[in-house]
Amino acid sequence: MKLMNFLRDRGLLLLLHLVCMCVAAGFLNVTGYGRTNIVLILIFWILLLVAWLMAVYLQRRKYFYKMEQILEKVDQRYLLGELMPDSFRLEDRLYREMIRKSNKSVIERIRQMEDEWKDYREYIESWVHEIKAPITSISLLCENRRHSLPAEDSKGILEDFYTITLENQKIENYVDMALYYARSENVYKDYLIQETSLDEVVSKVLMKNRLLLIQNHVNADVDCKDKAYTDQKWIAFILNQMIQNSVKYQREMPVFHIYTRRETNGVILVFEDNGTGIPAEELSRIFEKGFTGSNGRNHERSTGMGLYLCRRLCDKLGIGIWAESEYGEGTRMFLEFPISNYISRGEMD
């Protein structure tokens, strides 16, 4: 609290004292007091006023300084009403009581919203698990029918089954995005950190998207010899989003290079494609929620949620993620899996 602000706030009080000084000086002059006595009285009055103002200013500054310190140290700042320092002033006590009542209402509302969000998240998760059953059934039905068709049947029927399967995989991908978005706030409740073969995870994701890759004539070159300590399921989802994006923004003769390299404090997985690339001015925003960029605006189904979810999950898992790109040349996505000193020493032993 600054002194000038304090004095400005008490402008009416200072004006009242000034008027009272003028009235008192006039009254004393009329009643026969000498000028010297009147000046001495006014000086004494001013000194008392200044001393009183300074004492009040120092006391109020100390009081608000304590509250600022409390706010800096407390994470849940809406609890300020419970932590405000005691004060002998009636005004402070009234404010404290009103803030407490307001905070109580805020806390009740927060709890209500948390319960509503929890119910909604649980509903989404249960809905996803229910909807996955018919999605899997459709996929199996198409696969079985495709293999059981007589040789004399037309090629067009096989192409229809391929199309249905691919569209069904798109549905499954969007359903997975909804599930992982709902769970992203509580990743710690649904992950298992263990030594994971990145080659195995990449192979599973490529196999899952084999029809999509075949349809788009994508060649995938994989060299992931290193292992990392992470959650296999969540990493598979992140890699799946990268594949979906790369296929969406592909050019002629698309090629994926997926490889790992070991660094001093971790393992880096690189996903490289030769697609359209990302303009330099948009590269820093690709992980923002809902950002589609100039490439995305050319695709009506772009939601801008895939890479946003990847960044969000990586932050929760403690994995670094970033991208490099040259527009018109391709894009490289990086996932950095850190290795603690304890694990590194264990591997060396």
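## The loop at His217

His217 sits in the loop between helix 8 (210-215) and strand 2 (219-223). Helices (H or I, at least four residues) and strands (E, at least two) are DSSP runs, numbered from the N terminus. The phi angle of His217 is near 55°, a positive value in a residue other than glycine. With a relative accessible area of 61%, His217 is exposed. Buried means under 20% relative accessible area, exposed over 50%, and partly exposed in between (1.4 Å probe, protein chains only).

## Basis of the model

This is a predicted model: local features need pLDDT of at least 70, side-chain atom pairs count only at pLDDT 80 or more, and totals for chains, interfaces and linings use all residues. Residues are numbered from 1 along each chain as its sequence is written, and side-chain values use heavy atoms, with hydrogens and water left out.

## Asn209

Asn209 is placed in the loop between helix 7 (198-208) and helix 8. Asn209 is buried, with a relative accessible area of 3%. Gln169 is 40 residues from Asn209 in sequence. In space, the two lie 8.1 Å apart, C-alpha to C-alpha.

## Helix 2 against helix 3

The axes of helix 2 (residues 11-30) and helix 3 come within 10 Å. They cross at roughly 160°. Axes are lines fitted to C-alpha atoms, for helices over the stretch in contact, and angles run from 0 to 180 degrees between N-to-C directions.

Helix 2 and helix 3 are therefore roughly antiparallel to each other. The classes are set by angle: under 35 degrees is roughly parallel, over 145 roughly antiparallel, 65 to 115 roughly perpendicular, and the rest oblique. Helix 2 passes helix 3 in a right-handed crossing. A crossing is right-handed if the near helix is turned clockwise from the far one by less than a right angle, and left-handed if anticlockwise.

## A nonpolar patch

Leu3, Ile46, Val50, Met54 and Leu58 make a nonpolar surface patch of about 390 Å². Patches are made of residues with over 30% relative accessible area and no salt bridge; like charges are joined within 9 Å, nonpolar side chains (Val, Leu, Ile, Met, Phe, Trp, Tyr) within 5 Å. Accessible areas come from the Shrake-Rupley method with a 1.4 Å probe; for residues, only the protein chains shown count as cover.

Helix 3 (residues 35-73) gives the largest share of the patch, four residues. Ile46 lies in helix 3. At 40% relative accessibility, Ile46 counts as partly exposed.

## Salt bridges

A salt bridge is a side-chain nitrogen of Lys or Arg within 4 Å of a carboxyl oxygen of Asp or Glu. By this rule the count is twelve salt bridges. One of them pairs Arg60 with Asp92, with the closest N and O atoms 2.6 Å apart. This pair links distant parts of the chain: Arg60 is in helix 3, Asp92 in helix 5 (residues 90-148), 32 residues apart. Both Arg60 and Asp92 are buried.

Asp92 has a relative accessible area of 5%. Asp92 also forms a salt bridge with Arg89, the closest N and O atoms being 3.9 Å apart. Arg89 is partly exposed, with a relative accessible area of 22%.

Arg261 and Glu263 form another salt bridge, their closest N and O atoms 2.8 Å apart. Arg261 is partly exposed at 34% relative accessible area, and Glu263 is partly exposed at 36%. Elsewhere, salt bridges that share partners join Arg60, Arg89, Glu91 and Asp92 into one network.
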